[in-house]
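Thanks, everyone, for making time this morning. I would like to walk you through one protein model, going slowly enough that you can follow along on the screen.

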Amino acid sequence: MITSVHTLIYSDDAAATRAFFKDVLHFPFVSEPGDGDHGEPHGEGSGSQDPADWLIFGTGPSELGVHPTISGEWKGERRHQFTLMCDDLEATVTELTNRGAEFATQKEDMGFGLGVMLKVPGADDILLYEPRHVTAYHC
């Protein structure tokens with residue numbers, strides 16, 4: 001039986017990306033002892049808070065949507081996307097900005113919700129949005 005979804009972000013600066021999720025986004029985490037980014041994590045969680053160690057973040061409630069790559073005459077490419085949702089985009093942007101976050105775009109009405117692109121150190125930007133669609137993360 002599937003118990004959860006494990007999301008991965010590949011980063012050019014894993015320690016900076018981990019620090020961002022820990023210090024700016026305040027995601028809860030556990031850590032694995034190991035040889036930092038030079039070896040595989042092993043053993044039980046050590047409780048380390050050093051972003052150079054293997055921090056594994058709890059992402060809270062989640063949901064999975066499946067979007068078509070072909071619709072009528074429109075055709076897109078297959079891909080996977082990781083997004084963050086919030087209840088109040090304006091308040092969340094203000095809070096994250098106060099913690100040092102930077103945004104690549106201004107707030108935009110995307111049809112399905114209001115969104116901005118959140119800059120992630122060492123990694124690609126992530127869409128942060130306030131959904132207008134029915135959500136399943138409470139299921």
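Let me begin with cysteine 86, which counts as buried because its relative accessibility is 10%, and the cut-off for buried is under 20%. Cysteine 139, by contrast, counts as exposed because its relative accessibility is 80%, where exposed means over 50%. Please keep in mind throughout that this is a predicted model. The count of disulfides in the protein comes to zero.

Stepping back to the overall layout, the protein has two helices and eight strands, and from the N terminus on these elements run α-β-β-β-β-β-α-β-β-β. Of the 139 residues, 26% are buried, and the protein exposes about 10000 Å², with carbon and sulfur atoms supplying 52% of that area. If we take the contacts with a separation of 6 or more, 51% of them come from residues 24 or more positions apart.

Now to helix H1, which covers residues 14-24 and whose buried residues are Thr17, Arg18, Ala19, Phe20, Phe21, Lys22 and Val24. What covers these buried residues of H1? The cover includes helix H2 (89-98) together with the strands S1 (29-32), S2 (54-57), S7 (113-118) and S8 (126-131). After H1 comes histidine 26, with a positive phi near 60°.

In the loop between H1 and S1 we also find phenylalanine 27. Is that residue, phenylalanine 27, buried or exposed? Its relative accessibility is 17%, and it therefore counts as buried. Leaving aside residues up to four places away in sequence, phenylalanine 27 touches Phe21, Lys22, Phe57, Gly58, Thr59 and Leu84.

Finally, I would like to turn to the second largest pocket, which has a volume of about 640 Å³. Its lining is made of 21 residues, of which His6, Thr7, Leu8, Ile9 and Leu55 are the closest to the centre. By residue class, the lining of the second largest pocket divides into 13 nonpolar, six polar and two charged residues.

That is where I will stop, and I am glad to go back to any part of the model.

Technical notes. Residues numbered from 1 in each chain as written. Predicted model: local features only at pLDDT ≥ 70, side-chain atom pairs only at ≥ 80, totals over all residues. Heavy atoms only, no water. Helix = DSSP H or I, 4+ residues; strand = E, 2+ residues; numbered from the N terminus. Buried < 20%, exposed > 50% of the residue type's maximum accessible area, 1.4 Å probe, protein only. Contact = heavy atoms within 4.5 Å. Areas by Shrake-Rupley, 256 points an atom, 1.4 Å probe, with all protein chains shown as cover. Disulfide = S-S within 2.5 Å. 1 Å grid on protein atoms, 1.4 Å probe; cavity = no way out; pocket = protein on both sides within 12 Å on 5 of 7 lines; lining within 4 Å. Points joined across faces, edges and corners; volume = space filled by probe spheres on them. Nonpolar A, V, L, I, M, F, W, Y, C, P; charged D, E, K, R; others polar.
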